[in-house]
Amino acid sequence: MSELLLIKNASQLVTTKGYSDQPAKREKMSDLTVIENGSVLMKDGTIQAVGLLEDIEKEHAELVAQAEVIDATGKLVTPGLIDPHTHLVHAGTRENEYAMRLKGKTYMEIMNAGGGIHATTRATREASFDQLYEESKKRLDTFFEYGITTVEAKSGYGLSLEHEMKQLEVAKKLAEDHEMDIVSTFMGAHAIPMDEKENPEPFVNRVIEEMIPEVAKKKLATFNDVFCERGVFTPEQSRRILQAGKEHGLIPKIHADEIEPYGGAELAAEVGAISADHLLKASDEGIRQMAEKDVIGVLLPGTAFFLMAEYANARKMIDQGVAVALSTDANPGSSPSLSLQFIMNLGCLKMGMTPEEVLVATTINAAHAIGKAEQIGSLEVGKQADVAIFNVSNYLKLSYNYGMNHIDQVIKKGKVVVEN
Ligand SMILES: N=CN[C@@H](CCC(=O)O)C(=O)O
Ligand SMILES: [Zn+2]
């Protein structure tokens, strides 16, 4: 028996159409299809039809008659949201550092003194596989509750072969066990271990010669990321690490120009990264090169919010032709939140994006940022049936009633996984 689900009569069904090959750029980031009284029919986890119920009934009368029905009257239906940048697998929290920052210490001062990423690395190294699994699983459940149906997950709190592998193995097991889709990124180059700060080259060589080959051999990641920032990895070290990843089939990503302009956006363009993320301080030239080389800008306004920093210039990036995606950057130091809806609010209120653009940035463009746009990111026939139903009547209200969780139900591969 096939599994049939029909969501009918949504006040608005909102999706992009036709951007599965290329991300939406410039004015195309506002190109939403809005169907009033929209319905979507799903069969065996795949979208079968999208449109008005009467039209779907004409074409698929038998399937409609057999389908389980969700009445979405008065509600908003969108593709399941996609979070393309998270530090999902980690142990511990850092509210003590938050309190220190509120008294004036900076994020980098705390990190250079052995806190920050190093604090989470200590906690993650000490944690067992099972503990990491359980903590991360809870986060996945919460992501679902916020309407997120696919996440990218980075390693980077191990900083040694053994512990980086442990993080990636946890993500792999979760991808097998949990209904959430998880795309993994290796980020051994997240920080230089404290005891090697004076002489980082041996660590860079271990990332290149030991960790990358092992991750690739065990097929534990799709992407390879590096924190390119003054005091962390230089552009030269980052280039070597990203090139080495490419030689092993890992697609480059980069934490770029977060704290100061450091050539990260330019490096992303040079190495052909799929995305450059953060970009709070990206140079005009870096933005120009990203647009030219089709590097997606994954913006993380939760980090600017939480670190009380200047926001990335989303408006300039979009106007200059960079395809923009948005993400939580969920992590215990710079963005301890799992709400992509709040990130959408920030996109509108703090980065000059429109409600249309933030929806595109958290659906189809986010799918492109993790190489999954052929399967997910829009409600189109043949795509995976990942759907979010919000308890609001139109998409403007998603960012109007800010800081709230509007989710009513979440559908993953045609099955209800959240029901409020
Ligand atoms: N900036 C570097 N990495 C993370 C933060 C990691 C942490 O503070 O634990 C980020 O994307 O913001
Ligand atoms: Zn990050």
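How do the residues of the lining of the largest pocket divide into nonpolar, polar and charged? The structure examined here is a predicted model, in which local features need pLDDT of at least 70 and side-chain atom pairs count only at pLDDT 80 or more, whereas totals for chains, interfaces and linings use all residues. Residues are numbered from 1 along each chain as its sequence is written, chains are lettered from A and ligands numbered from 1 in the order in which they are written, and side-chain values use heavy atoms, with hydrogens and water left out.

The lining of the largest pocket comprises six nonpolar, seven polar and five charged residues. In this classification Ala, Val, Leu, Ile, Met, Phe, Trp, Tyr, Cys and Pro are nonpolar, Asp, Glu, Lys and Arg are charged, and the others, Gly among them, are polar. On a 1 Å grid over the protein atoms alone, a pocket is an open set of points with protein on both sides within 12 Å along at least five of seven lines, a cavity is a set of points where a 1.4 Å probe fits but cannot get out, and lining residues have an atom within 4 Å of a point. The volume of the largest pocket is about 290 Å³, a volume being the space filled by probe spheres set on the grid points, which are joined across faces, edges and corners. Its lining has 18 residues, of which H90, T93, R139, P332 and P336 are the closest to the centre. At least two lining residues come from each of helix 3 (95-102) and helix 6 (129-145), and helix 6 gives the most, with four. Helices are DSSP runs (H or I, at least four residues), numbered from the N terminus.

The second largest pocket holds about 240 Å³ of space. Among its 16 lining residues, T106, Y107, I259, L307 and A309 lie nearest the centre. Helix 4 (107-112) and helix 12 (301-306) each supply at least two residues of this lining, which has eight nonpolar, three polar and five charged residues.

Ligand 1 takes up the space of the largest cavity, in the sense that more than half of its atoms lie within 2 Å of the cavity's grid points. There are 15 residues around ligand 1, and R94, Y107, Y157, E258 and S334 come nearest; a residue is counted if one of its heavy atoms lies within 4 Å. This shell consists of four nonpolar, eight polar and three charged residues.
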